[in-house]
Each structure stands twice: as structure tokens, then as C-alpha cells.
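Have a look at the structure, and then we can walk through it together.

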Amino acid sequence: MMNDLEMDFISLLDDDGTEYQFEILDVINEDGRKFYALSPVIDDENQVIEDSGEYYIMEEIIEEGDDSPMLVDLEDEKLLDHLAEIFEAHFDEMFEYDEDESEE
């Protein structure tokens with residue numbers, strides 16, 4: 001079951017052209033829209049980070065006449081809360097599944 005262990009990564013550029021790496025934790029489709037849960041990838045081994053379980057939720061947008069999708073921040077707090085509930089339920093299912101597998 002190698003597919004369960006593979007991680008997907010994405011590079012994003014901010015408005016200043018700075019590139020950041022993210023791990024794609026999950027992707028959901030909701031009301032015809034596509035949303036990503038992303039966790040930043042830290043390249044500096046000397047940087048100590050406490051994992052608070054925080055992640056970013058972004059929406060995939062494809063502008064008319066452009067085939068390249070963009071990921072954008074969400075500003076609708078109600079939508080963010082709704083999506084966070086869905087992502088958290090998915091994370092709980094994934095964690096529960098992993099625990100069941102390791103007990104066998």
C-alpha cells in the first residue's frame with residue numbers, strides 16, 4: 001500500500017514572487033468548488049517548530065482564458081469554518097484508519 005504513504009506537495013508564489021512549499025493534506029469539492037488543506041514545508045532543519053495542527057485552507061480558481069489554476073485565500077469566515085469541519089472529519093477518519101491498521 002505505497003499510495004497511502006506518498007505525500008503530494010505544491011509550490012506557491014506570493015505577491016512578491018517568493019516561493020513556498022506546502023504538503024497537500026486533503027482536497028475536497030464543495031458546491032462545485034475545489035478546496036485544499038495545506039501544511040507548510042519547513043526546509044531549515046535547525047528551525048524548531050511546535051506542531052499546533054494548523055493548516056491553510058485555499059480555493060482553486062481557474063480564471064477565464066487561463067488554463068493554469070491558482071490557489072487563493074478565503075475571506076468568508078463562515079465558509080472557512082464549514083470547510084474546516086469537513087477537513088477535520090477527514091483527518092479524524094484518516095487517523096482512525098491508521099490506528100486500526102497499526103493494531104493488526
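## Core and sheet of the predicted model

In this predicted model, the largest nonpolar core is built from twelve residues: Ile28, Phe35, Ala37, Tyr55, Ile57, Leu74, Leu79, Leu80, Leu83, Ile86, Phe87 and Phe91. A nonpolar core here is a set of buried Ala, Val, Leu, Ile, Met, Phe, Trp, Tyr and Cys residues joined through side-chain atoms within 4.5 Å. Buried means under 20% relative accessible area, exposed means over 50%, and partly exposed lies in between, with a 1.4 Å probe and protein chains only. Two or more residues of this core come from each of β3 (33-40) and α2 (77-103). Helix α2 gives the largest share, six residues. A second, separate core has six residues, among them Phe22, Tyr36, Leu38 and Leu71. As general background, nonpolar side chains tend to be buried together in soluble globular proteins.

Residues are numbered from 1 along each chain as its sequence is written, and side-chain values use heavy atoms, with hydrogens and water left out. Because the model is predicted, local features need pLDDT of at least 70 and side-chain atom pairs count only at pLDDT 80 or more, while totals for chains, interfaces and linings use all residues.

The protein chain has two helices and five strands, and along the sequence they follow the pattern α-β-β-β-β-β-α. Both kinds of element are DSSP runs numbered from the N terminus: helices are H or I with at least four residues, strands are E with at least two. The five strands form an open sheet in the order β1-β2-β3-β4-β5, with antiparallel pairing; two strands pair if DSSP finds at least two bridges between them. At the edges are β1 (8-13) and β5 (70-73), each of which pairs on one side only. From one strand to the next, the twist averages 50°, where axes are lines fitted to C-alpha atoms, for helices over the stretch in contact, and angles run from 0 to 180 degrees between N-to-C directions. Strand β4 (residues 56-61) joins β5 in the antiparallel sense over four bridges, and Ile61 has Met70 in β5 as its bridge partner.

Now for the rings. Four aromatic pairs turn up in a search of the whole structure. Rings of Phe, Tyr and Trp (its six-membered ring) pair if their centres lie within 6.5 Å; planes under 30 degrees apart count as stacked, over 60 as edge-to-face and the rest as tilted. Two of the pairs involve Tyr55:

| Pair | Centre to centre | Angle between planes | Type |
|---|---|---|---|
| Tyr55 and Phe87 | 6.3 Å | 75° | edge-to-face |
| Tyr55 and Phe91 | 5.2 Å | 85° | edge-to-face |

Ring pairs link Tyr55, Phe87 and Phe91 into a cluster. Tyr55 lies in the loop between β3 and β4 and Phe91 in helix α2, so their pair ties together parts that are 36 residues apart in sequence. Phe87, also in helix α2, is 32 residues from Tyr55. Relative accessible area is 0% for Phe87, which is buried; Tyr55 counts as buried at 17%, and Phe91 is buried at 19%.

Contact means heavy atoms within 4.5 Å. Leaving aside neighbours within four places in sequence, Ile28 is in contact with Arg33, Lys34, Phe35, Leu83, Ile86, Phe87 and His90. With the same exclusion, Leu25 touches Ala37, Leu38, Ser39, Tyr55, Phe91 and Met94. Leu25, in strand β2, is partly exposed at 28% relative accessible area. Its C-alpha atom is 9.0 Å from that of Phe87, 62 residues away along the chain.

What is the phi of Asp31? Asp31 has a positive phi of about 55° although it is not a glycine. Most residues other than glycine have a negative phi.

Finally, confidence: pLDDT is the predictor's confidence in each residue, from 0 to 100. The chain has a mean of 80, and 75% of its residues reach 70 or more. Over residues 1-5 the pLDDT is below 50, and this stretch has two contacts in the model beyond near neighbours in sequence.
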